[in-house]
Amino acid sequence: MYPTIKEFMLANSPDRQLEVCNNPDKCHFGSSLTLSQLNACYGETAAEAWLVPQLYELGDFEGLKGQADRHQLAKTAKIITTEFYYLKTDELLLFFYRFCAGRYGQFYSYFTPSVIIRGLRDFLKERARAFEQYEQVAREHEWQEAKSKAVTYEEYLRNK
């Protein structure tokens with residue numbers, strides 16, 4: 001869809017967080033790339049390159065006294081890419097939006113990568129609940145469909 005990582009990054013900048021927050025189901029069940037797919041498409045450091053502006057914007061939004069330095073941003077991006085490689089980029093945009101909304105913790109004056117990682121772990125719990133609900137709805141739909149096609153025992157005997 002995007003010929004280069006630069007075009008992907010422009011289309012999926014932190015500004016897009018407001019767009020994706022309105023449809024969490026699309027974030028979880030949509031077709032955006034995972035971090036590992038991002039690396040496969042654009043090179044082994046593409047996901048980290050995409051995450052750094054997201055992390056910087058988060059610190060900037062929080063109005064921290066001490067903004068993260070390059071090393072902190074790069075290492076935090078690397079940890080997220082390694083530990084959460086299966087998350088979709090839209091899911092991470094949703095996470096960053098929700099973090100800014102105060103849902104997963106807060107910084108105390110300085111950029112603290114562990115606060116973000118703990119927040120991601122809380123996000124994963126919400127994500128798991130979303131997947132459980134999605135699967136439950138799918139099972140109920142299958143059950144209703146099977147039930148509508150089922151025959152009663154009496155009908156079975158007549159057809160036999």
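1. Leaving aside neighbours within four places in sequence, Arg-127 is in contact with His-28, Tyr-86, Leu-87 and Glu-91. The structure discussed in this note is a predicted model. Arg-127 lies in helix H8, which spans residues 113-149. With a relative accessible area of 16%, Arg-127 is buried. This follows because buried means under 20% relative accessible area.

2. The side chains of Arg-127 and Glu-91 meet in a salt bridge, with an N to O distance of 2.6 Å. This pair links distant parts of the chain, since Arg-127 belongs to helix H8 and Glu-91 to helix H7, 36 residues apart. Both partners, Arg-127 and Glu-91, are buried.

3. Apart from neighbours within four places in sequence, Glu-91 is in contact with Cys-27, His-28, Tyr-86, Phe-123, Arg-127 and Phe-131.

4. How many salt bridges does the count come to? The count comes to eight. Another of them joins the side chains of Arg-16 and Asp-90, at 2.5 Å from N to O. This pair, too, links distant parts of the chain: Arg-16 is in the loop between H1 and helix H2 (17-20), Asp-90 is in helix H7, and 74 residues separate them. Both Arg-16 and Asp-90 are buried.

5. A further salt bridge is formed by Arg-103 with Glu-126, where the closest N and O atoms are 3.2 Å apart. Arg-103 lies in the loop between H7 and H8, while Glu-126 lies in helix H8, so the pair ties together parts that are 23 residues apart in sequence. Are the two partners buried or exposed? Arg-103 counts as partly exposed, at 47% relative accessibility, whereas Glu-126 counts as buried, at 17%. Salt bridges that share partners also join Arg-16, Glu-19 and Asp-90 into one network.

6. The packing of helices H5 and H7 may be examined next. Their axes are 10 Å apart, and the helices pack at an angle of about 10°. H5 and H7 are therefore roughly parallel to each other, because angles under 35 degrees count as roughly parallel. On the H5 side, the contact is made by Trp-50, Leu-51, Gln-54, Leu-55, Glu-57, Leu-58, Phe-61 and Glu-62. On the H7 side, Thr-89, Leu-92, Leu-93, Phe-96, Phe-99 and Cys-100 take part. The residues of this contact divide into ten nonpolar, two polar and two charged.

7. Ile-116 is placed in helix H8 and counts as buried, at 0% relative accessibility. Not counting residues up to four places away in sequence, Ile-116 touches Leu-55, Leu-58, Thr-76, Ile-80, Phe-95, Phe-99, Phe-107 and Phe-111. Among these, Leu-55, Leu-58 and Phe-99 also take part in the contact of H5 with H7. Ile-116 and Phe-99 are 17 residues apart in sequence, and their C-alpha atoms are 8.2 Å apart in space.

8. Which residues of helix H4 (residues 35-42) are buried? They are Leu-35, Leu-38 and Asn-39. These residues cover an arc of only 95° around the axis, which puts them on the same side of H4. The face turned away from this buried side carries the exposed residues Ala-40 and Cys-41. The buried residues of H4 pack against helix H1 (5-11), helix H5 (46-62), helix H6 (70-83) and helix H7 (89-100). After H4 comes Gly-43, which has a positive phi, near 115°.

9. Lys-6 and Ala-77 are 71 residues apart in sequence and 17 Å apart in space, from C-alpha to C-alpha.

Definitions and conventions: Residues numbered from 1 in each chain as written. Predicted model: local features only at pLDDT ≥ 70, side-chain atom pairs only at ≥ 80, totals over all residues. Heavy atoms only, no water. Buried < 20%, exposed > 50% of the residue type's maximum accessible area, 1.4 Å probe, protein only. Helix = DSSP H or I, 4+ residues; strand = E, 2+ residues; numbered from the N terminus. Arc of directions from axis to C-beta. Contact = heavy atoms within 4.5 Å. Axes fitted to C-alpha atoms, helices over the stretch in contact; angles between N-to-C directions. Parallel < 35°, antiparallel > 145°, perpendicular 65-115°, else oblique. Nonpolar A, V, L, I, M, F, W, Y, C, P; charged D, E, K, R; others polar. Salt bridge = Lys/Arg side-chain N within 4 Å of Asp/Glu carboxyl O.
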